[in-house]
Amino acid sequence: MRFQITMNMPSRSGNSVHQIIADHPAESLSEFAEDLGNDEFIIVQEVYKDNEAGKASNYYNVGFIAINRRFVGKVKVLMT
């Protein structure tokens with residue numbers, strides 16, 4: 001499932017929060033939240049939006065990352 005994760009940490013561009021779009025094998029938001037609560041870090045596959053003309057709803061994989069649960073502010077299912 002694809003999630004939008006808002007982190008309580010500054011982004012590279014200087015915003016006070018950092019958002020990540022990520023794929024995770026959880027089948028629901030509840031299951032993702034449970035996985036997040038079980039370990040200090042959770043592994044997700046980060047994806048970026050393809051900003052080329054006509055491809056605004058396409059995404060491409062940029063690799064796996066580990067997210068520290070202490071910095072997660074909120075998570076929502078990304079509706080594409």
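Helices (H or I, at least four residues) and strands (E, at least two) are DSSP runs, numbered from the N terminus. This is a predicted model, where local features need pLDDT of at least 70, side-chain atom pairs count only at pLDDT 80 or more, and totals for chains, interfaces and linings use all residues. Residues are numbered from 1 along each chain as its sequence is written, and side-chain values use heavy atoms, with hydrogens and water left out.

Q: What pattern does the chain follow, read along the sequence?
A: Start with the parts: the chain has one helix and five strands. Read along the sequence, they give β-β-α-β-β-β.

Q: What is the radius of gyration of the chain, and what does the globule rule give for 80 residues?
A: The radius is taken over C-alpha atoms, and the rule is 2.2 Å times the number of residues to the power 0.38. The chain is as compact as a globular protein of its length, because the rule gives 12 Å for 80 residues and the chain comes close to that, at 13 Å.

Q: Is Phe3 buried or exposed?
A: Phe3 is found in strand E1. The cut-offs are under 20% relative accessible area for buried and over 50% for exposed, with partly exposed in between (1.4 Å probe, protein chains only). Phe3 has a relative accessible area of 0%, so the word is buried.

Q: How far apart are the C-alpha atoms of Phe3 and Phe32?
A: Leaving aside neighbours within four places in sequence, Phe3 is in contact (heavy atoms within 4.5 Å) with residues including Ala26 and Phe32. Phe3 and Phe32 lie 29 residues apart along the chain, and their C-alpha atoms are separated by 9.0 Å.

Q: Which strand gives the most to the lining of the largest pocket?
A: Lining residues have an atom within 4 Å of a pocket point; on a 1 Å grid over the protein atoms alone, a pocket is an open set of points where a 1.4 Å probe fits, with protein on both sides within 12 Å along at least five of seven lines. The lining includes His18, Gln19, Ile20, Glu46 and Tyr48. E2 and E3 each supply at least two residues. The most, three residues, comes from E2.
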